[in-house]
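Here is a friendly briefing to read with the structure open beside you. Take it topic by topic, and look up the residues as they come.

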Amino acid sequence: MKRTTTWLAAAMFLLPLGAQGKPAPAEDAKTRLRNLQAEQKQIISDWQKKARDAAKAAEKAAEVAKKGGKPIPALPMRPDFTELRGKYLDAAKKYPGESAVPFLLQALGIGSTAEEREEVVDLLLDEHADSPRLHELAEALPYLDRMVSAAYAKRAFTKIEKHGKNVVLLGWLAFARSEGTLRSEPATSKAFQDAKAAAAVAIAQAEDKKLQAEFDALVAEQEKFGLGMVAPEISGADLDGVAFKLSDYKGKVVFLDFWGDW
Amino acid sequence: MEELKDKPFAMVGVNSDATPEAARQAVAANSLNWRSFQNKPEGQVRAISEDWYIRGWPTIVVLDTELKIRYRGHDGAEATKVVKGLLEPEK
């Protein structure tokens with residue numbers, strides 16, 4: 001018994017010494033990123049659990065309300081990422097250069113206000129515009145007017161053009177700029193053809209498969225199904241299995257309704 | 001659309017229900033009186049909606065008498081307006 005106590009005392013004394021003798025290696029950028037991403041996952045699953053509990057509580061509250069009880073407070077529409085966002089931004093400062101980019105992209109993804117998104121996009125464009133890892137930011141360019149504001153999107157686009165070296169950003173920028181015209185103008189119009197030609201060069205230079213696919217699909221869709229184009233034939237079967245064709249209706253105005261009863 | 005029954009106008013559906021049986025039930029329950037294609041009949045590799053780049057339901061496409069596309073979108077009221085414009089006698 002006595003011996004055990006002595007051993008325990010020695011161990012308690014020696015343990016911190018051991019820790020001092022062998023300091024834990026400092027967290028590198030990759031580990032920090034992984035840890036923060038795990039934290040993000042936990043925040044989301046906690047929030048989902050709260051949402052489920054709130055739904056159950058709401059059912060109960062509805063019964064109580066019938067008897068004159070108080071309604072329960074509403075749950076926010078998304079988890080609160082404020083603190084985590086701060087940690088991502090801190091990490092981006094701690095691990096500068098290229099290592100900062102993944103942290104900033106995570107912070108961009110969980111930003112909840114226009115100001116928060118603007119802050120991160122500015123950091124990325126001002127300090128990391130040469131990064132080859134900006135695909136996530138590039139893909140967001142067509143939505144930047146809705147993510148922040150139209151005025152900010154315009155400023156950011158100018159910044160990208162002025163920098164002029166990141167072909168992925170320039171490619172997605174060309175897509176963002178041409179999209180409105182490609183969607184609204186008839187495929188036979190000069191405006192459409194000009195917008196298509198202008199964007200095609202920058203998009204090809206980006207060598208980004210997703211961008212190329214999105215652009216090709218949009219152009220193909222508009223050239224086949226845009227306003228003023230003749231609808232391709234549909235030759236199929238009705239709900240009873242009887243064959244019929246869309247061209248049976250030539251000479252009539254057709255209201256073609258893609259519908260389902262789900 | 002009742003007021004259009006004497007005009008050169010047709011409603012045509014492309015139905016995406018899992019089975020024609022489910023679609024027929026929906027037609028009966030909602031008294032739908034237009035004909036529908038099966039979006040992807042058994043044995044067909046590609047659905048009509050895929051060929052037509054349809055990404056949201058319902059989608060409405062309005063065609064003029066030459067089967068040219070005059071509206072494509074999700075707004076039933078807007079589509080109806082386009083149809084009525086096309087059916088108005090030219091002045």
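**A helix to start with**

Helix α5(A) has 14 residues and reaches 20 Å from its first C-alpha to its last, close to the 20 Å expected at 1.5 Å a residue. Please keep in mind that this is a predicted model.

- The buried residues in α5(A) include A:Arg117, A:Val120, A:Val121 and A:Leu124.
- Why do they lie on the same side of α5(A)? They do so because they cover an arc of only 100° around the axis.
- Turned away from that buried side is a face of α5(A) that carries A:Glu115 and A:Asp126, both exposed.
- Cover for the buried residues of α5(A) comes from elements including α4, α6, α7 (144-147) and α8 of chain A.

**Chain A as a whole**

- Chain A contains 11 helices and three strands.
- Along the sequence, the pattern of chain A is α-α-α-α-α-α-α-α-α-α-α-β-β-β.
- Buried residues account for 26% of the 262 residues of chain A.
- Taking the contacts in chain A between residues at least 6 apart in sequence, 60% join residues at least 24 apart.

**Chain B as a whole**

- Chain B contains three helices and four strands.
- Starting at the N terminus, the order of elements in chain B is β-α-β-α-β-β-α.
- Of the 91 residues in chain B, 27% are buried.
- Taking the contacts in chain B between residues at least 6 apart in sequence, 20% join residues at least 24 apart.

**The nonpolar cores**

- As background, nonpolar side chains in soluble globular proteins tend to be buried together.
- The largest nonpolar core has 40 residues, and those touching the most other members are A:Leu104, A:Leu137, A:Leu169, A:Trp172, A:Leu173, A:Phe175 and A:Ile203.
- Two or more residues of this core come from each of α3 (82-94), α4 (100-110), α5 (114-127), α6 (135-140), α8 (150-163), α9 (167-184), α10 (190-206) and α11 (209-225) of chain A.
- Which element gives the most to this core? That is α9(A), with nine residues.

**Where the chains touch**

- Chain A brings 29 residues to the contact, and chain B brings 45 residues.
- On the side of chain A that touches chain B, the elements giving two or more residues are α11, β1 (235-237) and β3 (253-259) of chain A.
- The element that gives the most to this side of chain A is β3(A), with seven residues.
- How do β3(A) and strand β3 (residues 59-63) of chain B run, parallel or antiparallel? They run antiparallel, and five bridges join them.
- One place to look is A:Phe258, whose bridge partner in β3(B) is B:Thr59.

Note on methods. Residues are numbered from 1 along each chain as its sequence is written. Chains are lettered from A and ligands numbered from 1 in the order in which they are written. This is a predicted model: local features need pLDDT of at least 70, side-chain atom pairs count only at pLDDT 80 or more; totals for chains, interfaces and linings use all residues. A residue is buried if 20 or more other C-beta atoms lie within 10 Å of its own, exposed if 12 or fewer, and partly exposed in between; C-beta atoms are placed from the backbone. Two residues are in contact if their C-beta atoms, placed from the backbone, lie within 7 Å. A nonpolar core is a set of buried Ala, Val, Leu, Ile, Met, Phe, Trp, Tyr and Cys residues joined through C-beta atoms within 7 Å. Two strands pair if DSSP finds at least two bridges between them. The expected span of a helix is 1.5 Å times one less than its number of residues. The arc is that of the directions from the helix axis to the C-beta atoms.
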